[in-house]
Amino acid sequence: MKDNNQLDCVLCSDTGYVNVVVAVPLTTLFTYRVPRSLRGQLTRGKRVLVPFGRKQIIGICWDVMTTLPASVPQKQQIKDILTVLDEQPLVDAAYLQWLEFAADYYATPLGQVLSQAIPSLYLDVQKIGKEHSYKYKPINFSHDFSTKDVVLTNEQNLVYQSLAGHLDEYYPVLLRGVTGSGKTEVYIRVIKTVLQQNKSALFLVPEIGLTPQMLARLNHHFAGSLLVYHSSLTQNQRLSQWQSCLDERPQVLVGTRSALFAPFKNLGVIIVDEEHDHSYKQEERFRYQARNLAVSRARILKIPVIMGSATPSLETYYQVINNKYHLYELHARSGGASLPDIRVIHFGKEREQRKTPLCLSQHIHDAIEHFHKKKKQMLIYVGQRGFAQSAYCASCATIQICPNCSVGLKYHKEGRVLKCHYCDFAKPYDGVCAACHVKGLTLLGFGTQSVADEIGAMHPRVVLTRLDSDAVSNERELRRIFNDFAKHKIDLIVGTQMISKGHDFDNIGFVGILGIDAHLGLPDFRASERSFQNLVQVAGRAGRSDQKGHVLVQSLMPEHPSVQWGIRQDYQKFAQHELALRQALGYPPFSRLVQFRFLSAQEQRLKNFLCEWKTFLDGVTCRTNQLDLQILGPAEMPVAKVRGKYRHHVILKIRRGLKVGDLVAYLRDDLDRRKLRGIQYQIDVDAVGMV
Ligand SMILES: [Zn+2]
Ligand SMILES: [Zn+2]
């Protein structure tokens, strides 16, 4: 075998071996021999068909080598590559470098990163040779929104001019513009300039379905070169959009977080709109934050990345303070509009004084009456969907809990049932407590449905509709509601955070905000940030053009800093306050958090294992500096049981600047060596929702 290899190398100066990455969650690359017939055909980024166990699978050629790498044991039998599937590499070297960075950063197997990045049809053995048969069908933009050409304001123009001077270098930018300041106009101008330079643009948005207006505007400017990519495309559509990205001509791709993996070879700019939005974090399999990966891709390609928001994430803002990102600001609303007038109502006090059974403050009811008379449209934001009512038992002094999950059941009027929002458990509501069997449960709390019912009953002439995931199940329905609202066929929308996303309606006179402080009781250090962002974003829907908007915030914690800085729309003060707190507690952005989650149906088995693993972890902490690494737990997670599985976690708090990937990979390898039975584990680097 060995002699043979040497003979090959002497006779042929071409490649002898390749490392291949395959779409399986394994950390290793696989080495194959290149048979003589395929020599000269292999370059990085091409797909190859390889034998894998008893099967044949498709992988991506990662390294091309002349000799067998030293890491491969000499005795191991090296198999041959079967075919090379592409004439041109599917992705270029910079792209592979970026994926490698992502795998390291998130301590995720390269194969898992690959299966996130590349459309699955490319890796399907059954589809070999048919990948290119699907014809690209342009996506239809049916809409009724007017799309005026906009002239940049002075302020917007200054920002654009400066950005245009940095298009040929890595240039990370936070564009902080108050709500309604016209960030999109700036993006569009930048994209136009990039296209003129024969390069393509990638435009990330939190949710495609919620931004029909934005799509219509982009289509108006970039018809013919606009591509759309999001998670509800079919496999074939994904493949066709991906192939279009390989075109040489400059194009614009707008899409949700997965669009970031588009294989453009001539990318000129990446835009991350509403960069604070939580949908940029993927919570399953490859758990990445698209905003961070956008920055790393831009750094590798030496291009600008523009992150825009009225309420930037503290992580991003911290990079500005440390001079890592450049800050640009838009202080004025377009069309000379002023920021809305926001007031807070102490609802706890009002409820006590009036003994009112209503969900809404009298002030909000008065405002609805007032603005309806003035023919103004209104939005009512509610923190939770449905009735979001818990069933409370006074004799146990607790709420009814799901038997599979450790969370409260919610009352649903349709069918009169108590439902679990974590699993599908449901039971008829008969008013009897499951714990003490006393009849006398009462329903507490409110959601979109109960608020809509109350407004409907008290203001019968107001035409209202509900906008939440229960009421709106598809995009067509959503577009219909937006169109009807734009045409003033609807007076008032009651909705969840769906109403806070970027659409501009110019006749909204009043916004009511309820339940903004609902998150503040959660054991989540990001709760304040989220409440502040929701408040400012929702309030920002009020008032446009020449008219001032009015906002009432109904709160049970009106003195909370999120509420106080929120009603003043003072991002900077809020950020200072919150960053000081985070620093004192050593939370991100002053550290990085890695969550190891452990799930098992058998609680004792889980506890026994974690007890054992704790000893191992203590050994790890002993060998590192206390200031560099803190290990919290193992502990039960705040939601301790979901779908019958017990949940425990270990949280690593790691000082910024330390190589997180290496440490996490070390712990992961240890877990794999233990061959856990009946226990699943998940690793979340830069974890967000830790409940
Ligand atoms: Zn449940
Ligand atoms: Zn009871």
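Which residues point one way from S14, and which the other way? In this predicted model, local features need pLDDT of at least 70, side-chain atom pairs count only at pLDDT 80 or more, and totals for chains, interfaces and linings use all residues. Residues are numbered from 1 along each chain as its sequence is written, and side-chain values use heavy atoms, with hydrogens and water left out.

Gln377, Leu379 and Tyr381 point one way from S14, while Met378, Ile380 and Val382 point the other way. Strand S14 covers residues 377–382, and six of its six residues are buried (under 20% relative accessible area, 1.4 Å probe, protein chains only). Strands here are DSSP runs of E with at least two residues, and helices are runs of H or I with at least four, numbered from the N terminus.

S14 pairs in the parallel sense with S23 (residues 508–514) over six bridges; two strands pair if DSSP finds at least two bridges between them. The bridge partner of Gln377 in S23 is Ile508. With S22 (residues 492–495), S14 pairs in the parallel sense over four bridges, and Leu379 stands opposite Ile493 there.

These pairings belong to an open, parallel sheet of six strands in the order S13-S24-S23-S14-S22-S21. S13 (341–346) and S21 (464–467) stand at the edges with a single partner strand each, so one side of each is left without a neighbour in the sheet. The twist averages 15 degrees from one strand to the next (axes are lines fitted to C-alpha atoms, for helices over the stretch in contact; angles run from 0 to 180 degrees between N-to-C directions).

Helix H11 (residues 362–373) packs on the sheet and touches S13, S14, S22, S23 and S24 (550–555), contact meaning heavy atoms within 4.5 Å. The direction of H11 makes about 165 degrees with that of S23.

How values were computed. Chains lettered and ligands numbered in written order. Buried < 20%, exposed > 50% of the residue type's maximum accessible area, 1.4 Å probe, protein only.
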